[in-house]
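Reader: I should like to understand the terms used to describe a predicted structure. Please set each value against its definition.

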Amino acid sequence: MRRIDGELILFWTLPVVALIWISAFFLFPGFVHPMSPTMSAEEVAAFYRENVSRVRYSMILFNWFAVGLIPILMLLAVQMRRMAHRTPIFSYSILASAACGPALFLLADMFWLLAAWRPARAPELTQMFNDLAWVTFATLVPYLIAQCVLLAVAIYWDRQPRPVFAPWVAHFNLLVAAALVPAAFTGLALEGPMAWNGLLPFWVKNIAIAVWIVVMGVVIGQTIRRQRLEDLEDKVAA
Amino acid sequence: MSAATTETVAPRESPSGSPLHRFVWHCRHNPKRELWFAWWAMVTFYNLFVVSFFVLARAQPPPSPAVDAQGAAQWFTDNHYGVLVGMGIIFLVIGLLIAPTNALIAYSMRRMSVSRSFAYSYLAMYALSAIPGMLLLCIVLTVGAMRPDRDPELIYWLYDLAFLSFTGTMGVFLIGSLVWMVAILLDKNRVFPKWFAYLNLANALTEVVVAPAWIFKNHVFGWNGLIAWWIDMVVFGIYTGVFIMLLRKMIEREDFGTGPLPGPLPGPLQELAPSKEHDPSELTRTAP
Amino acid sequence: MTNIAGAGSAPDEVDGRSVATDTKDGDKPAKFVPGQPDMWAFVLFETLLFTSYWVVYLIFRTQNHELFLQSQADLDLRIGVFNTIVLLSSSWSVARCVQASREGRFRAALTNAFLTIFFGFVFLVSKMFEWIKEIQMGNTFTTNEFFQHYYFLTSIHFLHVLIGFVVMGVVVYQLWSPARRSQQLVETGATYWHTVDFLWVPIFALLYVVR
């Protein structure tokens, strides 16, 4: 009998974490109107001087809850073990990539905090920390792409009478992965739709991630509930 | 090892026909498709790594640590597009390709007769290794290349951070190789030949040999030096080629059981290997 | 598989090594590689690797002849000779250990194994003593090119000796209890230890003697 105690608690952390992230997102003054890579060093330094508190508090909040998505990813990994696979290759792969996305996000978070640490620093240095933060944030897509594609392939190869996830979940994940692809190349442009504040690496990427969190959250919730019903049926039948 | 186990593994004949037709058939019906998926991800990763790092970005072989700030800035100017595109490719694929690679190697340890903690240790270590050991270089080189008019002193600092972090992330690969080595030496399921365990030791030692790169900026021990880079890369290249081949053989021999893997041990030493595992009782017969 | 005296046909002696025929299950005669052949593959690999380090050393030596000669004068030849004698003695004791184990004299084998470890320990202590002496004379890892190579070669060899202790630990563990004894593992361990000695000789020659 699978041990399922506590799964619902972990599951319901998701909306709480999401709420905190959204608050922090709006608190950080550089997101709602994303900072442009073409800002000069003086402009960047001025930004950090004027918004020092908002930067610090929003980034501290992000720092606390950066790894908040991992329990949901682990619920996903546990569901993958229920799939009709011969090997644990997919759950191992998800394990291997789940920690890395948040780790990179933490790195970006720390670079932002560093940029705001000594506002009187030489503007070129502040600009460099700002660059490091934004590039890290924009390019942390590899592990998200990995999770989406691995989940999609795992679902396609889950051939059993009652598959764990429906096929549309796989298609959806591939779509999200495709939406994240352009962000990998954001270094190539300092302005326009490919810059780190542009349409593709910022808006499309972040909206895709948000949609993924919402959709997968609902899917995992439904799956857990259905699984408990099935377990109950089996127990009654036995 | 019995015919019964192999039957369940290969119930149908693979088809002939066009490569695409065969590929689709394997995706649908090959019982080992998950393992092959992971293996091909691994092969693709190493190929893309060579293309991105060696050809496009020319970050390997690394440029010299003995340059000054102007020299570092010059390197970024010379390789501007190569760096941005090459690193972009890595940002795109590294998660998708490296996670199954580590999963496959962890799986090889899970197939052994040793505790699963070996597999999990390796998985944890190598999963985290990509961040300080590769992605940091990618991020930092991207930041260095994207603003060519940055102060050369700052570019100099980014240059150092990139190449030192890449070459100088040692512990993960050191301890990880030793974990794999011990697992292989203790394994009774004949997943890998023992000489591969010793090759893991040689690979672990390259992480010791590279340590002087944190001290020297020229001659043989700089991060691009004859000993700290070139000879180490030869060992690493041999090691990587060998384990790619050995993992392939493992997948071919896999019977999804928990006992010894059937079939001959891969490698040239099989006829020298003893015909049976050593029998501890052989010595007790003659004990005084 | 190498045969233990009394368990089958008597082993023949060829070049000091036992050539045994395995008659237990009618196999074809085993190849006469003592210990795991895998260890020999590793020995070959490490030897090639060390050879590349020595070649690099020699290349830089010919480019900096004066500097190397001058720096070598700071090394004490006596310590080098002492190190060599100690390691050769340890090889002798590990060979006796293997011989004793083959003949079933396990107390003697264990004694020789411990003797080997002791010699190894003496080597390590004398090496550290030499390094301290050199550092006190002002010759550190970063002093000049010769000393870069000196510390590198002796350190990487030192590390192999440390690994040798782990290997000898396995050998002792095998010999200790009748339930575990594996002649193959004992010989494999001995092969490794001989390699440690064998790799030292060119290092000694290059660093201390060739002037």
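Reader: Which chains have the most contacts between them, and what makes two residues count as a contact?

Author: Two residues are in contact if their C-beta atoms, placed from the backbone, lie within 7 Å. Among the 2 pairs of chains that touch, chains A and B have the most contacts. There, 37 residues of chain B are in contact with 37 residues of chain A. Chains are lettered from A and ligands numbered from 1 in the order in which they are written, and residues are numbered from 1 along each chain as its sequence is written. This is a predicted model: local features need pLDDT of at least 70, side-chain atom pairs count only at pLDDT 80 or more, and totals for chains, interfaces and linings use all residues.

Reader: Which helices of chain B supply the side that touches chain A, and what makes a stretch a helix?

Author: Helices (H or I, at least four residues) and strands (E, at least two) are DSSP runs, numbered from the N terminus. Helix H3 (33-56), helix H5 (80-110) and helix H6 (117-146) of chain B each supply at least two residues of that side. H5(B) gives the largest share, 16 residues. By class, the side of chain B that touches chain A has 29 nonpolar, 4 polar and 4 charged residues; Ala, Val, Leu, Ile, Met, Phe, Trp, Tyr, Cys and Pro count as nonpolar, Asp, Glu, Lys and Arg as charged, and the others, Gly among them, as polar.

Reader: How do you know how H3(B) and H5(B) are oriented to each other?

Author: H3(B) and H5(B) pack at an angle of about 155°, with their axes 8 Å apart. Axes are lines fitted to C-alpha atoms, for helices over the stretch in contact, and angles run from 0 to 180 degrees between N-to-C directions. Angles under 35 degrees count as roughly parallel, over 145 as roughly antiparallel, 65 to 115 as roughly perpendicular and the rest as oblique. H3(B) is therefore roughly antiparallel to H5(B). The residues of this contact divide into 19 nonpolar, 5 polar and no charged.

Reader: Is the crossing of H5(C) and H6(C) left-handed or right-handed, and what do these words mean?

Author: A crossing is left-handed if the near helix is turned anticlockwise from the far one by less than a right angle, and right-handed if clockwise. The crossing of H5(C) and H6(C) is left-handed. Helix H5 (residues 145-176) and helix H6 (residues 183-209) of chain C pack at an angle of about 160°, with their axes 9 Å apart, and are therefore roughly antiparallel.

Reader: How many residues of chain A count as buried, and what makes a residue buried?

Author: A residue is buried if 20 or more other C-beta atoms lie within 10 Å of its own, exposed if 12 or fewer, and partly exposed in between, with C-beta atoms placed from the backbone. Of the 238 residues of chain A, 43% count as buried. The secondary structure of chain A comes to 11 helices and 0 strands.

Reader: Where in chain B is the pLDDT below 50, and why does that matter?

Author: The pLDDT is the predictor's confidence in each residue, from 0 to 100. Chain B has a mean of 87, but the pLDDT is below 50 over residues 1-10 of chain B. It also stays under 50 over residues 275-288 of chain B. Where pLDDT is low, the predicted coordinates should not be read in detail.
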